[in-house]
Amino acid sequence: MDYEYIDCIDAGTRFCPCSLAETGECILCSCLRGEKFCDCINWKGVCIYGEFINNGQKSKNGRESYKCLIENKISRENVFYLKVSVPHSLAGELTYVGSFVFIRNEKFDNYYDTPISILEVNTEEDYIELGIELRGTKTKAIDLSEKELIIRGPYWNGIFGIKKINSLKEKRALIITNGIGIIPAIPLIKKLTENGNHIILISDTSNLDLSYVKSKIKNYNIKEIYLNIFSNGNLTEEFVNILNKYKEDTDLIHVSAQDIIILRISDLISDKSFTCCNNAKMCCGEGGCGACSARFSGHKVKKLCKLQIEPKYLFRERRLI
Amino acid sequence: MVIIGGGWAGCSASITAKKAGADVYLYEKTDMLLGLGNVGGIMRNNGRFTASEELIELGAGDLINICDESSLHKNINFSGHQHANLYNVNIIEPKVRRYLEEIGVNINLIKRAVDVEVKDRKIKGIHFSDGSYMEADVFIETTGSTGPMGNCLRYGNGCCMCILRCPAFGPRISISYRAGIADLQGEREDDVYGAFSGSCELSRESLSDEIIQELNKTGVYTAPLPEEYVNLDKLKTKVCQQYALKEYAENLILLDTGHIKLMTTYFPLDKLRKIPGFENARYIDPYAGGKGNSIRYLSVAPTGNDLRVKGLKNLFCAGEKAGLFVGHTEAICTGALAGHNAVRYYLGIKPLILPRTLAIGDIIAYANDRMKIKQGRRSRYTFAGSNYFERMKELNLYTIDKEIIRDRINKVSLKDVFNQKII
């Protein structure tokens with residue numbers, strides 16, 4: 001039976017309740033949405049209303065920004081990789097699948113904050129590695145950074161379907177990536193491997209030099225297939241054949257690519273357990289600014305920076321204009 | 001048949017539904033049945049004796065018998081109450097659970113119902129918090145009206161960690177509300193929603209030898225309160241109006257139900273420990289009984305006298321869900337009727353409405369009538385005391401004569417009606 005369970009990625013964390021509670025817009029809590037009585041369908045383990053009252057009817061502090069040293073930079077065609085020193089506490093909070101941070105060149109103002117997925121994190125030496133595709137003004141500004149970057153975090157909603165991923169143990173996963181989408185798939189591969197899962201990676205590296213990332217993948221014993229996935233607005237025949245070949249013997253399919261590719265693939269695997277990356281435009285990352293809002297039929301607005309939803313509900317009845 | 005909520009009402013409904021011939025699936029959010037019954041224990045006091053015997057004659061005395069067999073003290077009197085039995089809360093739940101298993105009820109623990117699918121005013125199925133879904137022909141909601149945490153916070157003194165254990169197992173959800181039927185609320189005397197649960201429990205070993213000895217022997221202990229602690233206003237706040245007599249404000253009244261039941265909503269621990277015999281006192285339930293207690297009566301569903309929820313075709317309810325009832329006996333009685341009527345509905349037979357010549361029939365009808373008016377929403381309905389027990393006496397419904405009760409049931413041809421297999 002189709003039923004949309006919703007989840008807020010920040011519920012119960014040190015950032016909960018957030019400013020949405022102060023304006024009666026909490027995603028999960030009925031008492032913090034102006035209702036008179038508790039109707040806690042989406043219990044996450046903590047009474048958010050209780051936390052709010054106990055905090056003097058105020059929200060907790062949001063994420064902080066840190067000035068971080070760039071330790072190393074590898075520049076390639078259309079893409080560059082950064083190794084950045086971060087505070088130890090921040091490193092510890094970026095170990096989860098789906099973690100990301102907002103980064104910007106310190107010479108530009110905060111509108112240049114760019115959400116970038118974590119490629120790798122090291123909590124002993126306290127650094128993160130990022131892979132950034134050069135596309136437009138924000139990413140080029142970051143490329144211009146010399147010594148330091150402003151990093152704001154931690155954020156965790158980079159992937160939809162996180163529960164399924166974390167609970168997959170000793171099963172089979174098929175990971176499909178396009179272009180820079182391979183970056184957020186690396187922590188995913190690490191987690192799934194740690195949980196004893198067998199992984200097949202189908203990747204379209206497009207025109208990006210992803211050799212650095214590919215070298216990291218060699219650390220995991222997975223089957224890699226590189227081919228062209230998408231062309232002229234459609235999935236390529238070659239890819240569809242390979243997908244059909246592998247999808248039957250798979251317990252989870254993850255797609256880390258543009259929305260159009262996620263949508264096209266989801267049509268072909270509608271009966272399969274399916275997760276995907278979060279492509280929402282983000283600015284504050286905490287539900288306030290509305291940049292990430294997606295509209296759905298029935299006047300529903302979902303804030304994709306915080307909401308964890310099942311990928312199958314991402315496009316269903318979605319309003320595009 | 002799906003029954004949501006494994007307290008006294010849900011267990012009772014399971015039994016009569018099973019006897020009537022249904023396939024019963026009972027769902028409970030915590031890891032134990034009986035809910036508040038695990039910290040209750042008072043049976044057969046005042047009019048509850050009558051109701052218990054009526055229920056036995058009607059053919060659904062199974063749980064009454066289990067309570068009688070599990071009693072630590074029988075036929076005792078305490079302030080305002082006669083011939084009470086006190087069952088041992090430590091042994092009651094496994095007994096009830098095994099009985100239900102024996103008769104073939106499918107018990108599903110740690111299953112929290114969170115939403116429904118409704119079509120044409122009929123519930124099709126229930127969604128659970130673990131992602132599962134269950135369809136059935138007919139549903140009974142016996143989720144009670146206590147808490148959850150958000151309500152206890154807004155209308156009480158906050159979560160006090162009671163037996164319902166919302167922080168561990170998640171909050172209860174009002175299924176009737178999820179199905180689109182607005183809940184009704186009870187009010188306290190001062191026009192505030194909800195009422196505090198009326199008692200808490202202390203650890204036996206934490207009380208003085210003198211108190212324990214008296215409790216072991218007689219089942220009751222009364223400790224006069226120093227004048228500065230007497231708070232008559234607190235009586236108005238509690239659910240259990242039958243224990244809202246002056247004696248309960250001027251004294252601490254303890255009952256031995258396995259743990260030691262303190263007949264007051266809550267009592268600050270530092271004050272309690274100043275009373276002779278209570279110097280080392282410690283709360284067993286709620287864990288923070290010094291701070292407050294759970295808030296009840298915030299989600300009553302509107303029902304007919306057949307206990308079917310108004311506005312839906314196939315949802316019945318019982319216990320506190322069905323009205324401003326207090327007590328295990330009330331839950332067991334309404335549960336028995338709901339379980340039976342749910343099966344009648346499935347078969348297309350007219351539901352049973354118990355006549356008002358029976359205490360059980362009268363309390364249901366009376367509570368329903370009274371719920372419609374503001375004054376009525378400030379009262380509670382229990383065979384054990386307050387307005388309804390007075391009414392029982394006035395109408396000659398109250399009796400402890402089993403012959404009279406037997407006749408009463410025979411006169412309306414309802415002997416063993418709940419024992420009949422109708423499928």
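This is a predicted model: local features need pLDDT of at least 70, side-chain atom pairs count only at pLDDT 80 or more; totals for chains, interfaces and linings use all residues.
Residues are numbered from 1 along each chain as its sequence is written, while chains are lettered from A and ligands numbered from 1 in the order in which they are written.

Between the chains, 14 residues of chain A are in contact with 21 residues of chain B (contact: C-beta atoms, placed from the backbone, within 7 Å). The chain A side of this contact has 12 nonpolar, 1 polar and 1 charged residues. In these classes, Ala, Val, Leu, Ile, Met, Phe, Trp, Tyr, Cys and Pro count as nonpolar, Asp, Glu, Lys and Arg as charged, and the others, Gly among them, as polar.

Chain B is assigned domain 1 (2-191 + 295-419) and domain 2 (199-285), with bounds from an automatic or database domain assignment. The centres of the two domains, taken over C-alpha atoms, are 27 Å apart. Across their boundary, 29 residues of domain 1 are in contact with 21 residues of domain 2. On the domain 1 side, two or more residues each come from strand E4 (71-78), strand E5 (81-87), helix H4 (89-102) and helix H14 (386-394) of chain B. Helices (H or I, at least four residues) and strands (E, at least two) are DSSP runs, numbered from the N terminus. E4(B) gives the largest share, 4 residues. By class, this side divides into 14 nonpolar, 10 polar and 5 charged residues.

Chain B also has an open, antiparallel sheet of 3 strands in the order E7-E8-E9; strands pair if DSSP finds at least two bridges between them. Strand E7 (113-119) and strand E9 (133-135) of chain B are at the edges with a single partner strand each, so one side of each has no neighbour in the sheet. E7(B) is joined to strand E8 (residues 122-128) of chain B by 6 bridges. One of the bridge pairs is Val116(B) with Ile126(B) in E8(B).

Finally, helix H2 (residues 47-58) and helix H12 (residues 328-347) of chain B pack at about 30 degrees, with axes 10 Å apart. Axes are lines fitted to C-alpha atoms, for helices over the stretch in contact, and angles run from 0 to 180 degrees between N-to-C directions. H2(B) is therefore roughly parallel to H12(B) (angles under 35 degrees). H2(B) contributes Arg48(B), Ala51(B), Ser52(B) and Leu55(B) to the contact, and H12(B) contributes Thr329(B), Ile332(B), Cys333(B) and Ala336(B).

Terms used
Two residues are in contact if their C-beta atoms, placed from the backbone, lie within 7 Å. Angles under 35 degrees count as roughly parallel, over 145 as roughly antiparallel, 65 to 115 as roughly perpendicular and the rest as oblique.
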